[in-house]
Structure formats: structure tokens, C-alpha cells
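New page in the notebook today. I want to get to know this structure by looking up a few things in turn.

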Amino acid sequence: SFELIALMNECLHLDPAKRPHAREISRRVSGLDPLLVTSPAFTDSDREAAVDSTGGQRPKCQIRRMSSSEEIMQNLFPRDVAAALLRGEKVPPEAKPMVSMYFSDIVGFTTISSSLAAEKVSDMLDRLYSKFDDLAEKFGVYKLETIGDAYLCATNLVVCQDNHAAQLARFSVAAVRAARETPVDPDDPSKGTISIRVGLHTGPCMASVVGRKCPKYTLFGDTINIASRMESSSLPDRIQCSSRIAEIIQLQDPGILLKKRGEIEIKGKGRMLTFWIPDKQEEPGSVWKDEGWNQPLEEHDNKLLLGEQKNPDGANISVEKGGVKTAWERGNAYL
């Protein structure tokens, strides 16, 4: 069941201090409702025959409602967070040491909105972001939310991913292509297709659930601000990324091409070195070559490959070329 999966995830927590004690495990397992167990061996006929605490048979419609509510919660929150909310528990903030963030918005959205009826704008966003949702599932990306025409998602957030930056880069390439193939108005081809701007960044953040009515799972921290700045200073049909995520992308998958944009002025941050990820990428493992794009990071820029870095606690992390072995070692190699 949903609660059993959450309990199992807690038992496997990287921090032993956050794993539940045996007495807590026993209490929670004994309280599980067998109707919510979704094992293939538990058939519909078993559910229909099951009885509730009063001794009466539980109606089919009630069983369906419970299943539907769990599915809705699972789509809105990470599994462990949803399970805690269903139990009526307050979800404490959780520090995430390394999350890769994606921001995008639609170029000229204000103009588009003024030239289309509201229902057509809604339809356009639904068509585009339904494609993005499918791509997020394909690439293992966790969708956070949409705000107007902005789409926010992340990797290495709800599960540990040893290729989080590379997967987000490939998702971004697919998203730009999907937008370019999506008409603004299917009934009026003259309006053309959608163009988006994309920004990426990697770093630490805090994940938390805020509010009691319509609670919202959201992220806080400078990582989110920088990812947003990468998007707002990007260009149409372009994917701009910070030097931090660019270096991790190259480390995780050298087949992904990067082009140095150079130092640009970023609001509230001063001058920052940024890179482009061209949307002309091939399948993973292959190298697409074209003069002007095939420019790997220069040695003096790629500080992640050689030398010592520091994590948020100030401890040195030695990172040698080709020496990164695990997801946590990759993720915690802060610039």
C-alpha cells in the first residue's frame, strides 16, 4: 500500500537516526488497512468481500474513492510526504544537499494571451505541459508546479539519482523540441508554434510543505533563485545553465554538448559564467559534432574535474578526474 511503501522508504533512510524504531514499525504495520494493499495477489473480489471495522461489507464505491484519493495525493506530493499528510502528520522541512532545478517560460506569453481567447490560452498550456509531464516521467524528472506559463521541475529531489544533472539536460532538450512542435493555436497555423526559454542550476535547497488548506510542496534557497535567473536571462529556444551544473553534466555524461556563453550580468548575483546546451543532441552515448557547438569545457573553467571543493559544512572534498564513483560523491562536490 501507499503507507507501507512510505514506511519502507523511511527504513532505508541514509541517516540511521531518521529511521523508525522497531516499536514504531510494529505500530504502523498493525494499523494498515488490508483494503489499501495493492499487491497483485489481492484481487477485486478480495476487496469486495473484505469487511470494515463495524463488521459490515465496505461498498465498492468507497474502495474506489480511497484508491482515487491516494492517486491524487501521489501526483501532488512525493510518496513519503503524501503518506505523512494522509496520517495527519506535520511534514518537517528537509535539507536537500544537491538538487538540479529546471525553469522555463513561454516567449511572448503576454502577447499570445492578449491575442487569444482565455479558453485557447488554457488549451495551449494544457497541450504543452501535458507533453512536458510525459517527458518528465520518461526522464525521471519530478514536476514541482506550473505558475502561469512557467514550468518548474527537478531531479535528485525525491529519489537519489547518480545522473541527475545529465537527465535534466536531456529533459530540457526534449522540452525545447516538444514546444517547437506545439502550435499556439491549432485552428490558426499562422500563429506558429511555441518557443520557450530554459534555465538550469544545481545546488542545495530546503524542501517543505507550506500551508494547511491546499498545502503545497515547495523548495526554498538560493539554488531556486539562480535557476530562475538562468531562465530569465536565456534566449528563445535556448537552454542556459550555470557553470556549476555545466561541469556536473560533463562529468556525468561527456556526450552532452555544451557551449560557453561567457560571463553575463545576472540580477542580484553580478557577473556569472554560463553555458548553452544546444538542442541538437543525439541519443545518450553518442556525440553530435558541429563547428561552433562542439566546445567542451576548458580545463581552467572545469574546476569540478580537478582539485578540492568544499561542501556547505566547509569540509574539503577531493575530486580527481575520473575518480567520482557514487551519486552522493558527485552531488556533494560543490563548487
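Predicted model: local features only at pLDDT ≥ 70, side-chain atom pairs only at ≥ 80, totals over all residues.

**Entry 1: a salt bridge to begin with.** I started with K120 and D185, whose side chains meet in a salt bridge at 3.1 Å, N to O. K120 sits in helix α7 and D185 in the loop between α8 and β4, so I'm looking at a link between distant parts of the chain, 65 residues apart. Are the two ends buried or exposed? K120 counts as partly exposed, at 28% relative accessibility. D185 is buried, with a relative accessible area of 7%.

Entry 2: I followed α7 along residues 118-139, 22 residues in total. From its first C-alpha to its last it reaches 31 Å, close to the 32 Å expected. I then looked up which residues of α7 are buried, and the list includes V121, M124, L125, L128, F132, L135 and F139. That spacing reminded me of a general point: an α-helix has 3.6 residues a turn, so residues three or four places apart point the same way. What covers the buried residues of α7? I found helices α6 and α8 among the cover, along with strands β1, β2, β3 and β4. After α7 comes G140, and its phi is positive, near 70°.

**Entry 3: over to β4 and β5.** A207 stands opposite L219 of β5. The hairpin has five residues between the strands, and G211 takes a positive phi there, near 90°.

Entry 4: How many does the structure hold? I count 13. In one of them the side chains of K216 and E145 meet at 3.0 Å, N to O. K216 lies in β5 and E145 in β2, so this pair ties together parts that are 71 residues apart in sequence. K216 is partly exposed at 36% relative accessibility, while E145 counts as buried at 17%.

I also looked up D253 and R170, which meet at 3.2 Å, N to O. D253 is in the loop between α10 and β7, R170 is in helix α8, and 83 residues separate them. D253 is buried at 15%, and R170 is buried as well, at 9%. I noted one network too: salt bridges that share partners join D105, R197 and E231.

**Entry 5: stepping back.** The protein has 11 helices and 10 strands. Of its 335 residues, 44% count as buried.

Definitions and conventions. Residues numbered from 1 in each chain as written. Heavy atoms only, no water. Helix = DSSP H or I, 4+ residues; strand = E, 2+ residues; numbered from the N terminus. Expected span 1.5 Å × (residues − 1). Buried < 20%, exposed > 50% of the residue type's maximum accessible area, 1.4 Å probe, protein only. Contact = heavy atoms within 4.5 Å. Pairing = 2+ DSSP bridges. Salt bridge = Lys/Arg side-chain N within 4 Å of Asp/Glu carboxyl O.
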